Amino acid sequence: MESQETSSIGAEALLHMSPGSAVSVAYHPLFGPHDDLIVLELDDKLLPDVLHERCVLNSQLFVVLCTQSKTFAMKFVGTSNSVLLIPPANQYVFDQNPQNGANNHKEKVVAPVIKVVPGNMELVEVAPRLDKLKLLLSQNPCRLEEFDSSEVNPETRAGLYNWKDLKNNIQASDEELRSGLQALSAVEINSYWRLVDERYMNMILEMVLRNAVLNDWSLSALNEDEVVSMLVTDGFPAELARHCLHVYGEKVIDGTDTCAWKLDKKRVCIHFAREILRGGKMKLESFMDEWRQRTPDEMQPTFDLVEGEVLTERIGVETWVRGFSVSSLPSTPAERFSILFKERPKWEWKDLQPYIRDLNVPGLTSEGLLLKYTRRTQPSPEIEPIFSAR
Amino acid sequence: MEIRVRCNCGEDKEEGRCKEWAIVELQGVVEPQPGFHDSLPNLQIGTLCRPSSQEVYTLTIGYHELTGSKVPLKKPMMVLKKVKHSPLDRGESSGCGEIELQVVGIIRHRILFKNRPKALISKPQPTSKERQKSIMLGSVPSNQAL
């Protein structure tokens, strides 16, 4: 019998067998349960993310794998087959076992089995769990009083979260977390991510609009430097002045060095609608009157702007409106639908749609969501379908 | 808690640098004879042959022969190893050890035996060194039943 070279011990021997050859399959000298070895099935598309170390696992409630842009739940899939795992030569330290040299495999090429794999992990793309983000950031929103007192109160550290704190608490990818922060209009102040108290935000926005009228600024081209320095003179912190432009406006790219901002009609109008309805429900007419009065003249508000912000109901001949903002609702479908049907047992599609269009469930279309969480009734094809709880 | 997934597959981290592991998959359970339970290391399970240039393989375990083939996996699998760093490794005085997952290999193919074994001799010998679980053997349909 001819003795083979040592490099033919391992997975290579098995993966590159030439026709007519044989390999001995044997237990590895270190065969055992090896619970530290995990087999993870993943899409070819994700391979570069793993190889370039752009992935992290996050184990809070359950384990998720986050790439830079996406979140995946990890699921164990067991098998009843015997899956024999064979490492390549020299990777699994053979020489931990000195008597190995004395074993009797020298006559053959050997594929050593290191463990029998009970199954593998699979990845399922999931929506990021961002509801907690709002909860965390609501603990200590940024208020006017905070900037009134010149001394930094050490107590205020409570309920503050920097990026790392958020990453440790929220199961989401970097990109998802960033867009979650943006959706909540959070701002980074002294390295902590904060929500700004709505009343405080309102003061800043009103101040910008008042100054625009006084100085004859165009709301489609607000000069950032001018706006910020004006607000700072009025006693507002510069970072919040800039934040206000971010929240209510879009940067205008015009090729010059000056940084100009265009206020967004929809966002400004929604802001004032919320402010007005903060006190409770109102008759539609009086709401529209006050809304028109408070929004800048060049932004004539129309009722379609408050889709997903305002619910209307008919009481006798009168129409009443009240604030019901989609952004205040949970992002998991089951909880969202439960709250919606508590609010109203029956929904018409045109009313329901603004409250569910942002729901993001990988692999489930909006029709799928409706099928899963609602009962659809349509007595005749001419009548609009009505959705109620299942 | 965040667990980093590390990859030491080489400087430029090209996919090809990641060492390929192999899988041999068969139905049922490979069960050593009771006397061998404590001495599995280095024990031979069987012999894998590639009789022709086709990707067809046979695996002989004791007096049974399995026929299967080498199939590419629909999705690759990574072999990850859980590594726990003690806080001292990093000069940290507090906190528990940091857990990390290291990519140690990739699996792209498996040699799959999805059929029942064929007996090489008519009467299974109880003295075979390794044998398939009796479920597999017992369920082989018998044509001789009268």
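**Reading the model**

Tutor: With one residue: leaving aside neighbours within four places in sequence, Leu352(A) is in contact (C-beta atoms, placed from the backbone, within 7 Å) with Trp347(A) and Phe387(A). This is a predicted model, in which local features need pLDDT of at least 70 and side-chain atom pairs count only at pLDDT 80 or more, while totals for chains, interfaces and linings use all residues. Residues are numbered from 1 along each chain as its sequence is written, and chains are lettered from A and ligands numbered from 1 in the order in which they are written.

Student: In which helix is Leu352(A) found?

Tutor: Helices (H or I, at least four residues) and strands (E, at least two) are DSSP runs, numbered from the N terminus. Leu352(A) is found in helix α13 of chain A, residues 349–356.

Student: Why does Leu352(A) count as partly exposed?

Tutor: A residue is buried if 20 or more other C-beta atoms lie within 10 Å of its own, exposed if 12 or fewer, and partly exposed in between, with C-beta atoms placed from the backbone. Leu352(A) counts as partly exposed because it has 19 C-beta neighbours inside 10 Å. As for distance across the chain, 37 Å separates the C-alpha atoms of Leu352(A) and Lys164(A), which are 188 residues apart along the chain.

Student: Next, helix packing. At what angle do α8(A) and α9(A) pack?

Tutor: Axes are lines fitted to C-alpha atoms, for helices over the stretch in contact, and angles run from 0 to 180 degrees between N-to-C directions. For α8 (residues 224–233) and α9 (residues 238–248) of chain A, the angle is about 135° and the axes are 9 Å apart. The two helices are therefore oblique to each other (under 35 degrees is roughly parallel, over 145 roughly antiparallel, 65 to 115 roughly perpendicular, the rest oblique). The crossing of α8(A) past α9(A) is right-handed (near helix turned clockwise from the far one by less than a right angle; anticlockwise is left-handed).

Student: Which residues of α8(A) and α9(A) meet?

Tutor: From α8(A), Glu224(A), Val227(A), Val228(A), Leu231(A) and Val232(A) meet Ala238(A), Ala241(A), Arg242(A) and Leu245(A) of α9(A). By class, this contact has seven nonpolar, no polar and two charged residues (Ala, Val, Leu, Ile, Met, Phe, Trp, Tyr, Cys and Pro are nonpolar; Asp, Glu, Lys and Arg charged; the others, Gly among them, polar).

Student: At what angle do α10(A) and α11(A) cross?

Tutor: The axes of α10 (residues 265–277) and α11 (residues 284–294) of chain A cross at roughly 130° and come within 10 Å. That makes α10(A) oblique to α11(A). The crossing is right-handed. Phe272(A), Ala273(A) and Ile276(A) of α10(A) meet Phe287(A), Glu290(A), Trp291(A) and Arg294(A) of α11(A). Five nonpolar, no polar and two charged residues form this contact.

Student: Now strands. In what order do β8, β9 and β10 of chain A lie in their sheet?

Tutor: Two strands pair if DSSP finds at least two bridges between them. Here the order is β8-β10-β9, in an open sheet with antiparallel pairing. The edge strands, each pairing on one side only, are β8 (161–162) and β9 (187–189). β8(A) is joined by two bridges to β10(A), residues 192–194, and Asn162(A) has Tyr192(A) as its bridge partner.

Student: Which strand of chain A pairs with β2(B)?

Tutor: β5(A), residues 71–86, pairs with β2(B) in the antiparallel sense over five bridges, and Val83(A) has Glu25(B) as its bridge partner.

Student: How many residues of chain A are in contact with chain B?

Tutor: 52 residues of chain A are in contact with 52 residues of chain B. On the side of chain A, β1(A) gives the largest share, seven residues. By class, that side has 32 nonpolar, 14 polar and six charged residues. β1(A) is also joined to β4(B), residues 44–50, by six bridges in the antiparallel sense, with Val25(A) partnered by Gly46(B).

Notes:
Two residues are in contact if their C-beta atoms, placed from the backbone, lie within 7 Å.
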